Amino acid sequence: MTGICREGPEARRACMAREGRKRLYFIVAMGCQMNVRDSETLAGMLEEMGFSRAGTREDADLILYLTCCVRENAENKALGNVIWLKELKKIKPDLVICVGGCMMQVQGVAESLIARYPFIALIFGTHNLHRFPELLCRVLEEKRPVAEILDGDGDIVEGLPVKRGSAHSAFVNVMYGCDNFCSYCIVPYVRGRERSRSPEEILREVRGLVEGGTQEVVLLGQNVNSYGGGGNAFAALLRSVHETGIRRIRFMTSHPKDLSAELIACYGDLPNLAGHLHLPVQAGSDRVLAAMNRRYTREHYLKLVEKLRGVRPDVGLTTDIIVGFPGETRQDFRETLSLVREVGYDAAFTFIYSPRAGTGAYGLPDPVSMEEKTEWIEELIALQREITGRVLKAQIGSCQEVLADAPSARDPGWLGGKTGRGLMVNFPGAPDMIGRFVQVDIGSAGRNTLRGKVREEG
Ligand code: SF4
């Protein structure tokens, strides 16, 4: 499918011209990188329509929330933001409020928002992003709220405009949706079944980025290593992306069951493939992994880590862990702690299990109290903090290649960037270094970041 809507960009610009003045937009992307990448497409569409980016929400004529529904607190946060906008709308009656993202695909949510918050001008889902300009034109012309949520898996629409958040590091979608149905996860219900972009389209996009000076691409998918139906397709794609000459390649998120031998071999063969892998383990106990429908065992996971370190000894691993899955016992949790010790992750994103209606685990008996789950997660966080501290300290005295990313928020005159392994480094540097690779001598380590001095510019 091509084209972005029934009417072309000309018609949409004319629709904006009828509005008679330059309008400003502000987008808030909640949740994961997929939403961040979607927000770049929406920004591209808005700019094609004649909007410009606002510096703050308060300055904007149009505010767009891209919601997340992976955990209950993300949903509550999204709703809290929408309610806050009601107050802003009282001061700015012409403000156009749009809400999209995964939460809108959850059955009944869009209907409930329409009924409860009539000040929302436009509600859309994840499968009809490409129709956003047309829907917005309807809102502006007909001066009434519009809601459109499409069921099904959604089409892959190529050629949409994009306004990227960074000139030197770019998200590139390679696949959408997920077929795995992990029993705690709502993603397959809101993002649909797996579908992959063609290698030709992906490579065309990456080549264009390389020509434009982009240094790093992050290949994105909910289950990126089952790209193209699984097997060796993702490894083959990585090799082709590497041939474009892009300086650094990252990808996320991977499922351990799809981490093929061929993909592991890429870590030995492809120097521009960053030495980092985000490999969500979720739990260290086979009993809990089976109940989560993860389809691998602890032993299989640890074997993967061993093989990976066999080809790239200094690879940095990060992970996601759910604590307090229904039926998880203290003994199961101890197995998670022991796995975390054994792997020695650089970082772990830890969450207390959040029940999601419609998923396999919803409503399962869950006798462990929230108080106990909180104690468990605190123990896990403390352990990970200790391991992260050791990983960071081990870098002191080394020289790391860092992609300078942005000015440091805390220290004027300093920049922040990441090593290939994904470790954050702060160092004194001029703004013209941003977007370039620099060699940094690491002098000290804080709780989550390294500090150092630039040796020479790359
Ligand atoms: S692999 Fe599992 S956790 Fe990841 S998106 Fe798919 S269903 Fe959700």
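Reply: Let's take a strand, then the domains, then some salt bridges.

Me: What should I know before we start?

Reply: This is a predicted model: local features need pLDDT of at least 70, side-chain atom pairs count only at pLDDT 80 or more, and totals for chains, interfaces and linings use all residues. Residues are numbered from 1 along each chain as its sequence is written, and side-chain values use heavy atoms, with hydrogens and water left out.

Me: Which residues point which way from E4?

Reply: Val96, Cys98 and Gly100 point one way, while Ile97, Val99 and Gly101 point the other way. All of them are buried.

Me: And which strand does E4 pair with over 6 bridges?

Reply: That's E3, residues 62-67, and the pairing is parallel. Two strands count as paired if DSSP finds at least two bridges between them. Leu62 stands opposite Val96 in E4. E4 also pairs in the parallel sense with E5 (residues 122-124), over 2 bridges, and there Val99 stands opposite Ile123.

Me: What do the helices do around there?

Reply: E3, helix H3 (residues 72-91) and E4 make a right-handed β-α-β unit. E4, helix H4 (residues 109-116) and E5 make a right-handed β-α-β unit too. Right-handed means that, with the strands pointing away from the viewer, the path from the first strand over the helix to the second runs clockwise.

Me: New topic: which domains does the chain have?

Reply: The domain assignment gives domain 1 (9-148), domain 2 (166-274), domain 3 (276-394) and domain 4 (399-457). Such bounds come from an automatic or database domain assignment.

Me: How much area do domain 3 and domain 4 bury between them?

Reply: About 770 Å², with 58% of it on carbon and sulfur atoms. Buried area is the accessible area (1.4 Å probe) that two parts lose on being put together, summed over both. The centres of the two domains, taken over C-alpha atoms, are 30 Å apart.

Me: How many salt bridges are there between domain 3 and domain 4?

Reply: The count is 1 salt bridge. The term means a side-chain nitrogen of Lys or Arg within 4 Å of a carboxyl oxygen of Asp or Glu.

Me: Why would side chains pair up like that?

Reply: Side chains of opposite charge can pair when their charged atoms come close.

Me: And how many in the structure?

Reply: The structure holds 27 salt bridges. One of them joins Glu47 and Lys163, with the closest N and O atoms 3.9 Å apart. That pair links distant parts of the chain, 116 residues apart: Glu47 is in helix H2 (residues 33-48), and Lys163 is in the loop between strand E6 (146-148) and strand E7 (169-173). Glu47 has a relative accessible area of 27%, so it's partly exposed, and Lys163, at 34%, is partly exposed as well.

Me: Where do Glu201 and Arg204 lie?

Reply: Both are in helix H7 (residues 199-211), 3 residues apart, about one turn of the helix. Arg204 counts as exposed because its relative accessibility is 53%, whereas Glu201, at 23%, counts as partly exposed.

Technical notes. Buried means under 20% relative accessible area, exposed over 50%, partly exposed in between (1.4 Å probe, protein chains only). Helices (H or I, at least four residues) and strands (E, at least two) are DSSP runs, numbered from the N terminus.
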